[in-house]
Amino acid sequence: MINPWTILFIAGGWLLSLFSVGYWMHGVGRDGERVAWQQRENKELVDANTLIISLQTAARNDEHANALALNKISTSYQKELQNADIEKDKFIADVRAGRIVLRQPITRSEKSSGGITAEALAAASGHNGETDAELSRETSEFLYSEATRANKVVEQLTACQAVVIEDRKLCGVNEN
């Protein structure tokens with residue numbers, strides 16, 4: 001018959017081998033799961049970083065395009081202001097030199113500022129029916145200066161509207 005100590009030794013060895021294999025499998029499984037988890041997390045991180053870089057690049061391109069558009073608007077606005085000033089100075093020089101004379105039509109029923117009737121003005125100027133009252137140089141200069149100032153306001157408003165439209169494009173806001 002077999003010695004009970006031998007049976008106990010064999011059973012103990014068998015239990016020890018089961019415990020050892022279980023412990024080894026637990027470690028390998030844990031390590032394998034950790035490796036799989038780390039690989040999955042690394043892939044997600046690489047994908048997220050790629051997306052971040054592409055979004056940053058797109059944002060920089062949009063900002064650059066917006067800056068170019070705003071620069072174009074500003075340049076156009078400044079040029080329009082300079083042209084308006086040049087045109088105003090030329091007009092005022094022509095008025096002062098007598099090359100341009102502004103007139104206001106006066107009908108028979110109106111009286112000029114001096115209380116003279118339109119008929120008297122027509123007779124004096126050789127016109128029959130309607131006549132024109134010549135505006136003074138100061139009045140002509142003032143009127144043209146005011147018209148130029150109003151045009152500058154329109155140009156400024158137009159430039160402001162263009163800036164708002166460009167900023168809305170950058171933000172992705174629909175203009176409708």
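**Exercise 1. In which element is the place of Asn66, and is Asn66 buried or exposed?**

Solution. The structure is a predicted model.
Step 1: Locate the residue. Asn66 has its place in helix 1.
Step 2: Apply the cut-off for burial, which is under 20% relative accessible area. The relative accessible area of Asn66 is 9%, so Asn66 is buried.
Step 3: List the contacts. Leaving aside residues up to four places away in sequence, Asn66 touches Glu166, Asp167 and Leu170.

**Exercise 2. Describe the order of the elements and the overall burial of the protein.**

Solution. Step 1: Count the elements. The protein contains three helices and two strands.
Step 1: The order is α-β-α-β-α.
Step 2: Consider burial and surface. Of the 176 residues in the protein, 13% are buried. The accessible surface comes to about 14,000 Å², and carbon and sulfur atoms hold 60% of that surface.
Step 3: Consider contacts along the sequence. Among contacts between residues at least 6 apart in sequence, 69% join residues at least 24 apart.

**Exercise 3. Characterise helix 3: its span, its buried residues and what follows it.**

Solution. Step 1: Compare the span with expectation. Helix 3 has 35 residues, and the distance from its first C-alpha to its last is 51 Å, close to the 51 Å expected at 1.5 Å a residue.
Step 1: Identify the buried positions. In helix 3 these are Ser140, Glu141, Tyr144, Thr148, Ala159 and Glu166. An α-helix has 3.6 residues a turn, so residues three or four places apart point the same way.
Step 2: Find the cover. Helix 1 is included in what covers the buried residues of helix 3. One of those buried residues, Glu166, is touched by Asn66, whose place is in helix 1.
Step 3: Examine the end. Gly172 follows helix 3 and has a positive phi, near 80°.

**Exercise 4. Which elements give two or more residues to the lining of the largest pocket, and how do the lining residues divide by type?**

Solution. Step 1: State the volume. The largest pocket has a volume of about 200 Å³.
Step 1: Assign the lining to elements. Helix 1 (4–97) and helix 3 (137–171) are the elements that give two or more residues. Helix 3 gives the most, with seven residues.
Step 2: Name examples. The lining includes Glu80, Asn83, Lys88, Tyr144, Thr148 and Glu155. Tyr144 and Thr148 are also among the buried residues of helix 3.
Step 3: Sort by type. The lining residues comprise four nonpolar, three polar and five charged.

Definitions and conventions:
Residues are numbered from 1 along each chain as its sequence is written. This is a predicted model: local features need pLDDT of at least 70, side-chain atom pairs count only at pLDDT 80 or more; totals for chains, interfaces and linings use all residues. Side-chain values use heavy atoms; hydrogens and water are left out. On a 1 Å grid over the protein atoms alone, a cavity is a set of points where a 1.4 Å probe fits but cannot get out, and a pocket is an open set with protein on both sides within 12 Å along at least five of seven lines; lining residues have an atom within 4 Å of a point. Grid points are joined across faces, edges and corners, and a volume is the space filled by probe spheres set on the points. Helices (H or I, at least four residues) and strands (E, at least two) are DSSP runs, numbered from the N terminus. Ala, Val, Leu, Ile, Met, Phe, Trp, Tyr, Cys and Pro count as nonpolar, Asp, Glu, Lys and Arg as charged, and the others, Gly among them, as polar. Buried means under 20% relative accessible area, exposed over 50%, partly exposed in between (1.4 Å probe, protein chains only). Contact means heavy atoms within 4.5 Å. Accessible areas come from the Shrake-Rupley method with a 1.4 Å probe; for residues, only the protein chains shown count as cover. The expected span of a helix is 1.5 Å times one less than its number of residues.
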